[in-house]
Amino acid sequence: MKKYNFLALLISAIVTLSITTSCGSCKTEKESFALTQNTPFTVKNTYCQKWVAGIKEGGSGLNIYATIDGISEGVIMKEFYFRGKSIEVKSSKNPVFVGYYKNDFNKDLIMDSNSTKEAANTPPKIFPFKLENNEAVLSYEYNNKMYYHKILNIEEKQIIAYPSSNPNNKL
């Protein structure tokens with residue numbers, strides 16, 4: 001009987017040891033977001049600007065702009081990571097790239113004693129970078145590989161307050 005207990009203990013120790021050592025070889029989330037210094041382009045000027053619509057339903061948000069020169073062939077701009085948000089990069093006028101973010105205050109969360117109803121909630125995304133308020137990370141694809149470049153000293157311009165329009169031009 002002691003022989004079987006010793007054998008069971010030995011097998012469980014081997015299994016536990018193999019599980020813990022194999023997890024260390026897995027690629028961690030932070031390793032997959034390594035920042036690069038040398039980029040196949042030059043970021044010249046970057047600024048952000050908050051905006052608010054003139055009507056309640058219009059919402060509010062933030063736009064981030066980056067002037068990028070000397071872009072090598074094969075580079076595809078993907079996302080800005082800025083102020084806890086992931087914002088898709090869009091090209092407005094070459095060489096200016098823009099990310100548009102709209103605040104989503106009307107996001108409905110399901111709070112219910114029934115856990116299956118609450119399971120329909122979208123879990124929050126983990127933000128992969130620790131950044132200051134005036135810093136962003138630009139992700140880009142180059143030769144089918146993802147890279148991440150940190151942008152410093154982003155200027156914040158004055159908020160844009162879009163005026164409300166009168167329906168049917170009534171005063």
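The structure is a predicted model, in which local features need pLDDT of at least 70 and side-chain atom pairs count only at pLDDT 80 or more, while totals for chains, interfaces and linings use all residues. Residues are numbered from 1 along each chain as its sequence is written, and side-chain values use heavy atoms, with hydrogens and water left out. The protein has two helices and eight strands. Helices (H or I, at least four residues) and strands (E, at least two) are DSSP runs, numbered from the N terminus.

**Overall fold and surface**

- Along the sequence, the elements follow the pattern α-β-β-β-β-β-α-β-β-β.
- Of the 171 residues in the protein, 24% are buried; buried means under 20% relative accessible area, exposed means over 50%, and partly exposed lies in between (1.4 Å probe, protein chains only).
- The protein exposes about 13,000 Å², of which carbon and sulfur atoms supply 54%; accessible areas come from the Shrake-Rupley method with a 1.4 Å probe, and for residues only the protein chains shown count as cover.
- Contact means heavy atoms within 4.5 Å. Among contacts between residues at least 6 apart in sequence, 59% join residues at least 24 apart.

**Confidence of the model**

- The mean pLDDT of the protein is 79, and 70% of its residues reach 70 or more; pLDDT is the predictor's confidence in each residue, from 0 to 100.
- Confidence is lowest in helix H1 (residues 2-24), with a mean of 63, and highest in strand S7, with a mean of 94.
- Over residues 24-31, pLDDT stays under 50, and the model has two contacts beyond four places in sequence for these residues.

**Salt bridges**

- Side chains of opposite charge can pair when their charged atoms come close.
- A salt bridge is a side-chain nitrogen of Lys or Arg within 4 Å of a carboxyl oxygen of Asp or Glu. The count by this rule is five salt bridges.
- Glu141 and Lys78 form a salt bridge, with their closest N and O atoms 3.6 Å apart. This pair links distant parts of the chain, since Glu141 is in strand S6 (residues 136-142) and Lys78 is in strand S3 (residues 75-82), 63 residues apart. Lys78 is partly exposed, at 31% relative accessibility.
- Glu88 and Lys90 also meet through their side chains in a salt bridge, at 3.8 Å from N to O. Lys90 has a relative accessible area of 40% and is therefore partly exposed.
- Lys150 forms a salt bridge with Glu135, and the closest N and O atoms are 3.5 Å apart. Lys150 lies in strand S7 (residues 145-151) and Glu135 in the loop between helix H2 (115-118) and S6, so the pair ties together parts that are 15 residues apart in sequence.
- Within that pair, Lys150 is partly exposed, with a relative accessible area of 31%, whereas Glu135 counts as buried because its relative accessibility is 13%.

**Aromatic rings**

- The structure holds seven aromatic pairs. Rings of Phe, Tyr and Trp (its six-membered ring) pair if their centres lie within 6.5 Å; planes under 30 degrees apart count as stacked, over 60 as edge-to-face and the rest as tilted.
- One of these pairs is that of Tyr47 and Tyr65, which is stacked, at 4.7 Å centre to centre and with 20 degrees between the planes. Tyr47 belongs to strand S1 (residues 42-52) and Tyr65 to strand S2 (residues 60-69), so that the pair links distant parts of the chain, 18 residues apart.
- Both Tyr47 and Tyr65 are buried.
- Lys157 lies over the face of Tyr47, at 4.0 Å from the ring centre; a charge sits over a ring if NZ of Lys or CZ of Arg is within 6 Å of the ring centre and within 35 degrees of the ring normal.
- Phe41, Tyr140 and Tyr147 form one aromatic cluster.

- Ser139 is placed in strand S6 and counts as buried because its relative accessibility is 0%. Beyond its neighbours within four places in sequence, Ser139 has contacts that include Met77, Lys78, Tyr81 and Tyr147.
- Thr46 is found in strand S1 and is buried, at 8% relative accessibility.
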